[in-house]
Amino acid sequence: SQMRAKSDGGLNSAGFPSTNPRISQNMGGSGSFRPTLFAACLSVLLCVGLAAQTPPAPDLATARNFVRNLPTGPARDQLFRGPGRTNAETLLRQVFNQGMSPAASLDDWADLHLALAGLVDLYSLQGTANDLYIAGSLAGFQDSAYRNHENDYASALAAAQKSLDFVQRSGLTDTLFMNWADVGRDLLSLGQFKEAVAALEKSRDTIPPSLTYSRNAASVWRDLMSAHIAMKDLNGAAAEMKRFLQAAVAAPPYFRAEAQLATVDLKMAQGDYGDVPEIVNAAVQSVLDPEEKKRIGYEAYVELLNCVLAAANQLPYADAQALAAKMDHDVDGLPGSVSGFARQAIRTRRRLAGDFTVALREDSEIVEQARAAGQVRSEIESLRILASDYEAVNSVSNRIAVLENAERLERTLLPAGGIPQGYPETFSWALTLMDLTIAY
């Protein structure tokens, strides 16, 4: 799901990539943050307001206490309109920044919402077009925080609707279509499909000419198709796809590739997987710019993973595996193995069906294959998977033995200091240790 978020041009009105409903429905994923020109402009607007004053930063405990005890009603309005506004904004921004840091705790996330609510009120009370626009942008941050951090789509929707209102009132509406898209995506995540279609249609119809072929615009088209598919309106999805393809005729390569991938969304909904590899490969190869090709490659990869998930639920296992192998063979430049993902999806289905014998046999064979090929990382991952098979059949001793083997292999890869270097190595080492600890 992170791959789709990294590749997705569907950013919300605060400059964060919104969780893409196509991933949320199929994989339970959430988005990650990515800066945009919009977010940069917001930063400039915020900095201009603070450039004239540079008070010393208070300690974090003071800022937290202030945010947690903000007044309500007229007292709040007086604070944000009066001479104490500058100090209030400094305290709110400090708590906001702490909540956005990689080291943020759950308490910091809770305080982040309070700080954002305060900042939204502070700017909205000033009444100028720029201040209202900033208030709307900050409400967009609130939407992203609820959505991406907590999957709290009801609170996210309320924030997105508030953001939409402020931007409309500001009159600075070039990015208004992204506000409508945020509302539509939250509605889609809440299962309110008809309302989501209406909001996403509004988003599509308010895309300004200068952004007609932007990645944000392409994401709106695809999300609108997803909303039709979610409500089982395949005719509506097909009609939207036709409009999307027509709009892409004169578009740059990336936008055309998105339109091609949209046809795969509909084919998956129809259970038609035969020419999916060909369509996806054509989309990827049509993009020549290196950075855009990398982005569409991730997009295509997750599209294929979604397709395999759907196929594993509808086709015989052998057919689903054959489809995954065809994807790996026919689509050039994928960042990962579709076949490996298909095996995991099928393994999960077998476990749910109680078919543990086949899963144990196949996963044991994969361990032996990785060992024979000298692929230590693959062997470690395969051993962890095999251990989960033993967990499913309540074979504690075998689970421990397999994980101890994985732990020994992990140690052979550690550098001289005994500390893994890099995120993948650290993650694998920690995961093996945690699995072994739980097994003990």
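**Terms and their values**

Mentor: Let us begin with N151, which is found in the loop between helix 8 (129-150) and helix 9. Helices (H or I, at least four residues) and strands (E, at least two) are DSSP runs numbered from the N terminus. This is a predicted model, in which local features need pLDDT of at least 70 and side-chain atom pairs count only at pLDDT 80 or more, while totals for chains, interfaces and linings use all residues. Residues are numbered from 1 along each chain as its sequence is written, and side-chain values use heavy atoms, with hydrogens and water left out.

Trainee: Why is N151 called partly exposed?

Mentor: Buried means under 20% relative accessible area and exposed over 50%, with partly exposed in between (1.4 Å probe, protein chains only). N151 has a relative accessible area of 40%, so it is partly exposed. Its phi is near 55°, a positive value in a residue other than glycine.

Trainee: What makes N394 exposed?

Mentor: N394 has a relative accessible area of 63%, and is therefore exposed. N394 lies in the loop between helix 20 (376-392) and helix 21 (396-413), and it too has a positive phi, of about 60°, although it is not a glycine.

Trainee: How do you know that E89 and S163 are buried?

Mentor: The value for E89 is 3%, so E89 is buried; the value for S163 is 0%, so S163 is buried. E89 is found in helix 6 (residues 85-100), and S163 in helix 9.

Trainee: What makes the pairing of E89 with Y123 a polar contact?

Mentor: The term requires a pair of N or O atoms within 3.5 Å; within protein, one must be able to donate a hydrogen and the other to accept it, and residues adjacent in sequence count only if both atoms are side-chain atoms. The side chains of E89 and Y123 make such a contact at 2.5 Å.

Trainee: Why are helix 14 and helix 16 called roughly parallel?

Mentor: Axes are lines fitted to C-alpha atoms, for helices over the stretch in contact, and angles run from 0 to 180 degrees between N-to-C directions. Angles under 35 degrees count as roughly parallel, over 145 as roughly antiparallel, 65 to 115 as roughly perpendicular and the rest as oblique. The axes of helix 14 and helix 16 (residues 290-314) cross at roughly 0° and come within 11 Å, and the two helices are therefore roughly parallel. Contact means heavy atoms within 4.5 Å; among the residues of helix 14 that meet helix 16 are Y254, L261 and M268.

Trainee: What makes helix 15 mostly covered?

Mentor: In helix 15 (residues 276-285), 7 of the 10 residues are buried, including V276, I279 and V280. The buried residues pack against helix 14, helix 16 and helix 17 (317-330).

Trainee: Which residues touch the most other members of the largest nonpolar core?

Mentor: A nonpolar core is a set of buried Ala, Val, Leu, Ile, Met, Phe, Trp, Tyr and Cys residues joined through side-chain atoms within 4.5 Å. Of the 36 residues in the largest one, V183, L187, A227, F244 and F255 touch the most other members. The largest share, 9 residues, comes from helix 12. Leaving aside neighbours within four places in sequence, F255 is in contact with residues including A217, W221 and F244.
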